[in-house]
Amino acid sequence: MWRLKVADGGNDSYIYTTNNFVGRQIWEFDPDYGTTEERAEVEAARENFWKNRFQVKPSSDLLWRMQFLREKNFKQTIPQVKVGDGEEITYETATTAVRRGAHFFSALQASDGHWPAENAGPLYAYPWRRARWW
């Protein structure tokens with residue numbers, strides 16, 4: 001099963017770092033890693049990616065999300081809020097949605113503080129595209 005290793009230099013004598021491999025991520029294949037159910041779940045995700053490879057976003061790295069959420073025993077404890085068409089958004093609704101998203105993204109953050117894969121982080125992905133800094 002493929003798994004993501006974060007901030008690990010391994011035993012490679014050609015790799016040198018001044019920051020203890022912070023931000024370094026490598027995928028490693030271990031055929032005996034995980035339970036039978038976990039390997040079946042990873043295989044189903046891999047097949048789904050292959051079938052829908054032209055519709056999948058590059059940053060939707062499902063294997064990374066599955067691994068991190070499983071390792072941290074993540075359970076979303078903040079209830080989901082839904083806003084209907086034409087319904088006014090209240091302060092409580094917006095606050096709950098932001099807290100729920102922050103709780104989810106903090107579970108996806110690696111032990112060294114970065115978000116692996118092609119996710120630049122939720123705070124930096126959108127605001128700067130529309131803002132003018134000059």
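Tutor: A residue counts as exposed when its relative accessible area is over 50%, and as buried when that value is under 20%. Please keep in mind that this is a predicted model.

Student: Is N73 buried or exposed?
Tutor: N73 is found in the loop between α2 and α3. Since the cut-off for exposed is over 50%, we need its relative accessible area, and because that value is 61%, N73 is exposed.

Student: Which residues of α2 are buried?
Tutor: Helix α2 spans residues 62–71, and the cover over its buried residues includes β1 (2–6), β2 (25–29), α1 (36–51) and α3 (91–108).

Student: Which element gives the largest share of the lining of the largest cavity?
Tutor: A search of the whole structure finds one cavity of 30 Å³ or more, and about 50 Å³ of space lies in the largest cavity. Its lining consists of M1, W2, R3, V42, L63, M66, Q67 and R70, and the elements that give two or more residues to that lining are β1 and α2. The largest share, four residues, comes from α2.

Student: How many residues of that lining are nonpolar?
Tutor: The lining of the largest cavity includes one polar and two charged residues. The nonpolar residues in that lining number five.

Terms used
Residues are numbered from 1 along each chain as its sequence is written. This is a predicted model: local features need pLDDT of at least 70, side-chain atom pairs count only at pLDDT 80 or more; totals for chains, interfaces and linings use all residues. Side-chain values use heavy atoms; hydrogens and water are left out. Buried means under 20% relative accessible area, exposed over 50%, partly exposed in between (1.4 Å probe, protein chains only). Contact means heavy atoms within 4.5 Å. On a 1 Å grid over the protein atoms alone, a cavity is a set of points where a 1.4 Å probe fits but cannot get out, and a pocket is an open set with protein on both sides within 12 Å along at least five of seven lines; lining residues have an atom within 4 Å of a point. Grid points are joined across faces, edges and corners, and a volume is the space filled by probe spheres set on the points. Ala, Val, Leu, Ile, Met, Phe, Trp, Tyr, Cys and Pro count as nonpolar, Asp, Glu, Lys and Arg as charged, and the others, Gly among them, as polar.
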